[in-house]
Amino acid sequence: MSAELTPRPVAPHKERLLWLVAIAFFLQSLDATILNIALPAMAHSLGQSPLKMQSVIVAYSLTTAMLIPASGWIADRFGTRRVFMWAIALFVLGSVLCALSPSLGFLIAARVVQGVGGAMMLPVGRLAVLRSHPKGDFIRAMSFIAIPGQIGPLLGPTLGGWLVEVATWNWIFWINVPVGLFGVWAARRWMPETTWSVPRKFDGLGYALLSFGMVAISVALDGMSGMGLGMAMVVVLMVFGLASLASYWMHALRVPEPLFPPMLFRVRSLRVGLLGNLFARFGTGAAPFLIPLLLQVGLGMAPMNAGMMMLATVMGSMLVKRFAVQTVQHFGYRRVLQVNSVMVAFMLASFALTSAQQPPWLLLLQLFVFGGFNSMQFSAMNSVTLKDLDGEFASSGNSLLSMVQMLAMGIGVALAGALLSGYADRWITDPDKSLRAIHATFLTVALMTLAATLVFSQLDKDEPVKPAPDGGDA
């Protein structure tokens, strides 16, 4: 019997569905940007060093990376509406637990719960839009959904700083609750329910191997920053993580329906794009964690002022998005990504020169220019990765890219945390050890970002291109 898509008797409200998925996108983008600015206040409240709060970010991004490959199958098996409702509900529950956290360990566990919901919200919402809109209308629909995703970063830093100053850091999580509860009600009312009458086979063993490998490597890197793991355990986790990833690859070569078909990697642009994303995001993924620390811990800014300064990064990103496609079309992917990777690394390194004595306008200019180059990097990387995929590989390639993005961001933050901890211990007697550790970490992640230039040099020679739709700054 062939698998057939069987819609339940729920009338699709297309425009309302777009608003619903846009709410989910807004929740995720707001949560990501509002959290970073509150990390120093959270550290003070929980009795932790602000230089060792990276686990709060890593827990969410790693959980999301783990569950993204399974999100499509879960939606097919249990229905898009049901899964979307439970995703928002879990995100809200995780937010409540985060707000009530009495300790760092509890907060990390709550972020895992939040990450389970976050991993399902946008992919399942995107799937519902794909199934309810004709192909010619899908790009317009996704463009509409992306608008709130740009409002979140614009609102998040300032709102987060204001909440920390006038109330407590706990309120950055409480504000998710009313929006999320409305999302659950709206999903029940407006989202069409679709399931596969005969669900496609899920590669459970491959998923287990891939997930364990990602978790083991990320926890090992996080353990290097003083999470309580001894060096021997870090090495053991790293070895088993790498062995698990290698086992997944060999498993995928011999099963008929692997999680990610090995045939995907015959596409040169996909191979280079994924590796480039991985190495570039080791540096750029650490920036949203490091910049608020620089502003508040290193330069002594109040949370509200730091949040307003970070708006410059968002403004630079939004400005560059307007001509990113034309730039790539004119110069070609290889040239843009090679040059831009160098410029991103240069801007990351420039933050190592900041001091409390420099004029505010110069710091604002640094943040603005960095936001612009960072946005160009994300747009070009995402586009080159997916541009040559079509048919049966398009969905798998998109899921793989999303997973690599979240994994690389988590690893980047974990590496930044380990570097901060190591540099702070090196200058433990220095009264300015925090600022020196932050400066040294910026220099190191800038060097890591340069590695992406070598990867992007493997792209085919530049020629006229037609970029795929931007995958967003995930």
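The questions and answers below go through a predicted model of one protein chain.

Me: How many helices and strands does the chain have?
Reply: The model is a predicted one. Its chain has 474 residues. In terms of elements, the chain has 17 helices and 2 strands.

Me: What percentage of the residues count as buried?
Reply: A residue counts as buried when its relative accessible area is under 20%. Over the 474 residues of the chain, the share that counts as buried is 54%.

Me: What is the accessible surface of the chain, and what percentage of it belongs to carbon and sulfur atoms?
Reply: The accessible surface of the chain comes to about 20300 Å². The part of that surface belonging to carbon and sulfur atoms is 68%.

Me: What percentage of the contacts with a separation of 6 or more is made by residues 24 or more positions apart?
Reply: A contact here means heavy atoms within 4.5 Å. Among contacts in the chain with a separation of 6 or more, residues 24 or more positions apart account for 84%.

Me: Which charged residues of the chain meet in a salt bridge?
Reply: Side chains of opposite charge can pair when their charged atoms come close. The count in this model comes to 1 salt bridge. With 3.0 Å from N to O, the two side chains that meet in it are those of Asp-31 and Arg-111.

Me: Which helices does the pair of Asp-31 and Arg-111 link?
Reply: Asp-31 and Arg-111 are 80 residues apart, and the pair links distant parts of the chain. Asp-31 lies in residues 14–45 and Arg-111 in residues 104–132, which are helices α1 and α4.

Me: Are Asp-31 and Arg-111 buried or exposed?
Reply: The cut-off for buried is a relative accessible area under 20%. Asp-31 has 2%, so Asp-31 is buried. Arg-111 has 3%, so Arg-111 also counts as buried.

Me: How are helix α2 and helix α3 placed, roughly parallel or roughly antiparallel?
Reply: Two packed helices are described by the angle between their axes and the distance between the axes. The axes of α2 (residues 54–78) and α3 (residues 80–99) come within 9 Å and cross at roughly 155°. Angles over 145 degrees count as roughly antiparallel. Therefore α2 is, relative to α3, roughly antiparallel.

Me: Which residues of α2 and α3 make the contact?
Reply: The contact has a side from each helix. From α2 come Tyr-60, Ile-74, Ala-75 and Phe-78. From α3 come Thr-80, Arg-82, Val-83 and Phe-91.

Me: Which residues is Thr-63 in contact with, leaving aside its neighbours within four places in sequence?
Reply: Thr-63 has its place in helix α2. Its relative accessibility is 10%, so Thr-63 counts as buried. Beyond its sequence neighbours, Thr-63 is in contact with Val-112, Gly-115, Val-116 and Ala-119.

Me: How far apart are the C-alpha atoms of Asn-277 and Ala-408?
Reply: Asn-277 lies in helix α10 (residues 268–284) and is buried, with a relative accessible area of 0%. Residues it touches, not counting those up to four places away in sequence, include Met-381, Leu-401, Phe-456 and Ala-408. Asn-277 and Ala-408 are 131 residues apart along the chain, while their C-alpha atoms are separated by 7.6 Å.

Me: Is Met-310 buried or exposed?
Reply: Met-310 is found in helix α12. Leaving aside neighbours within four places, Met-310 is in contact with Ile-37, Pro-157, Ile-291, Pro-292 and Leu-295. Its relative accessible area is 12%, so Met-310 is buried.

Me: How far apart in space are Asn-398 and Pro-69?
Reply: Asn-398 is found in helix α16 (residues 392–426) and counts as partly exposed, at 27% relative accessibility. Asn-398 and Pro-69 are 329 residues apart in sequence, and from C-alpha to C-alpha they are apart by 9.9 Å.

Me: Which element gives the largest share of the nonpolar patch?
Reply: The patch on the surface is formed by Leu-154, Met-315, Met-318, Leu-319, Phe-323, Trp-361, Leu-362, Leu-365 and Phe-368, with about 800 Å² of accessible area together. Two elements give two or more residues to it, α12 (303–321) and α15 (360–386). The largest share, 4 residues, comes from α15.

Me: Is Trp-361 buried or exposed?
Reply: Trp-361 has its place in helix α15. A relative accessible area over 50% counts as exposed. Trp-361 has 58%, so Trp-361 is exposed.

Notes. Residues numbered from 1 in each chain as written. Predicted model: local features only at pLDDT ≥ 70, side-chain atom pairs only at ≥ 80, totals over all residues. Heavy atoms only, no water. Patch = residues over 30% accessible without salt bridge, like charges linked within 9 Å, V, L, I, M, F, W, Y side chains within 5 Å. Areas by Shrake-Rupley, 256 points an atom, 1.4 Å probe, with all protein chains shown as cover. Salt bridge = Lys/Arg side-chain N within 4 Å of Asp/Glu carboxyl O. Buried < 20%, exposed > 50% of the residue type's maximum accessible area, 1.4 Å probe, protein only. Axes fitted to C-alpha atoms, helices over the stretch in contact; angles between N-to-C directions. Parallel < 35°, antiparallel > 145°, perpendicular 65-115°, else oblique.
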